[in-house]
Amino acid sequence: MSRPEHLAPPEIFYNEDEARKYTQNSRMMEIQEQMTGRALELLMLPEDESMFLLDIGCGSGLSGSVVEENGHFWVGMDISTAMLDIALEREVEGDLILSDMGQGCPFRAGSFDGAISISALQWLCNADKKSHKPVQRLYKFFSTLYACLSRTARAVFQFYPENTEQIELVTSQATKAGFYGGVVIDYPNSTKAKKSFLVLMTGGSVPLPKALGDDGQESRVNYTSKREMVKKSRGKPMKGSREWILEKKERRRRQGKETRENSKYTGRKRSGRF
Ligand SMILES: C[S@@+](CC[C@H](N)C(=O)[O-])C[C@H]1O[C@@H](n2cnc3c(N)ncnc32)[C@H](O)[C@@H]1O
């Protein structure tokens with residue numbers, strides 16, 4: 001099967017039809033959410049603190065919603081207007097920017113506590129126009145990302161490398177831009193579950209986190225339920241509960257966003273009689 005990035009440039013491939021799939025295909029949504037959960041784990045953020053994160057190739061905001069559920073604030077950038085329209089429709093909390101990552105990250109130095117990117121980085125290894133030089137675009141991207149991260153921050157990219165040369169290409173440009181790190185491959189022996197995460201660190205040479213399922217002892221982890229367990233152990237309310245909705249509304253108010261008043265009906269389940 002052809003890889004999407006071989007079919008058309010991202011701003012064309014992710015048109016209205018393709019973008020719509022992101023709210024209609026529950027399997028796709030589940031996978032995006034699981035991979036975001038794992039990317040957040042690999043970011044190793046301090047416990048119980050709300051962080052300010054950048055989501056690169058944020059698309060329809062599925063990954064952003066997981067960031068929100070984990071109590072963080074985010075800004076998303078994406079090259080596809082159709083995908084960003086879906087994110088707006090979904091009323092995500094993050095601010096959205098239409099921007100090509102190959103032209104760099106347009107933010108002030110040290111703005112973010114971390115960055116994630118889910119299924120987007122492989123697009124940058126492709127030349128869609130005569131003027132596109134993947135090496136230059138990757139370097140521009142990583143060097144400006146490095147600049148807009150705080151000096152303890154990490155960036156985690158789940159991506160689909162086409163071959164080892166592509167991994168080499170990406171890691172060499174990231175290293176040239178100042179990052180430490182490498183690629184963590186979860187479930188390397190499973191064709192279906194195998195997932196690659198580029199983990200980049202801005203400071204110090206800290207060992208890479210352990211991959212899942214690489215020693216035959218760690219069993220497959222359901223990231224969603226693991227996230228839920230972590231949340232419960234931190235005393236955070238369950239997704240969809242009244243407490244969860246009230247917290248979400250409070251966050252929106254703190255961000256100065258228009259939010260409906262709380263009432264005795266907030267978070268109440270509908271009776272189903274229509
Ligand atoms: C598989 S989708 C990821 C969706 C997203 N994580 C979500 O939760 O909906 C990949 C995204 O990367 C974006 N993308 C690809 N190349 C890009 C580029 N050069 N700059 C910014 N975004 C890009 C695409 O537009 C698309 O929305």
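**Exercise 1. How many residues of the shell around the ligand are nonpolar, how many polar and how many charged?**

Before we start: this is a predicted model, in which local features need pLDDT of at least 70, side-chain atom pairs count only at pLDDT 80 or more, and totals for chains, interfaces and linings use all residues. Residues are numbered from 1 along each chain as its sequence is written.

*Solution.*
- Step 1: find the shell. The ligand is surrounded by 24 residues, each with its C-beta atom, placed from the backbone, within 6 Å of it. The closest are P10, G57, G59, L62 and A120.
- Step 2: see which elements take part. Two or more residues each come from α5 and β2 (73-78).
- Step 3: sort by class. Ala, Val, Leu, Ile, Met, Phe, Trp, Tyr, Cys and Pro count as nonpolar, Asp, Glu, Lys and Arg as charged, and the others, Gly among them, as polar. The shell has 13 nonpolar, nine polar and two charged residues.

**Exercise 2. Describe how α4 and α5 pack.**

*Solution.*
- Step 1: take the geometry. Helix α4 (residues 26-43) and helix α5 (residues 62-69) have axes 9 Å apart, at an angle of about 50 degrees.
- Step 2: list the contact, meaning C-beta atoms, placed from the backbone, within 7 Å. From α4 come M29, Q32, E33, T36, G37 and L40, and from α5 come L62, S63 and V66.
- Step 3: class them. Four are nonpolar, four polar and one charged.

**Exercise 3. Is E91 buried or exposed?**

*Solution.*
- Step 1: locate E91, which sits in the loop between α6 (81-89) and β3 (95-98).
- Step 2: count. With 10 other C-beta atoms within 10 Å, E91 is exposed, since 12 or fewer count as exposed, 20 or more as buried, and those in between as partly exposed, with C-beta atoms placed from the backbone.

Definitions and conventions:
Helix = DSSP H or I, 4+ residues; strand = E, 2+ residues; numbered from the N terminus. Axes fitted to C-alpha atoms, helices over the stretch in contact; angles between N-to-C directions. Contact = placed C-beta atoms within 7 Å.
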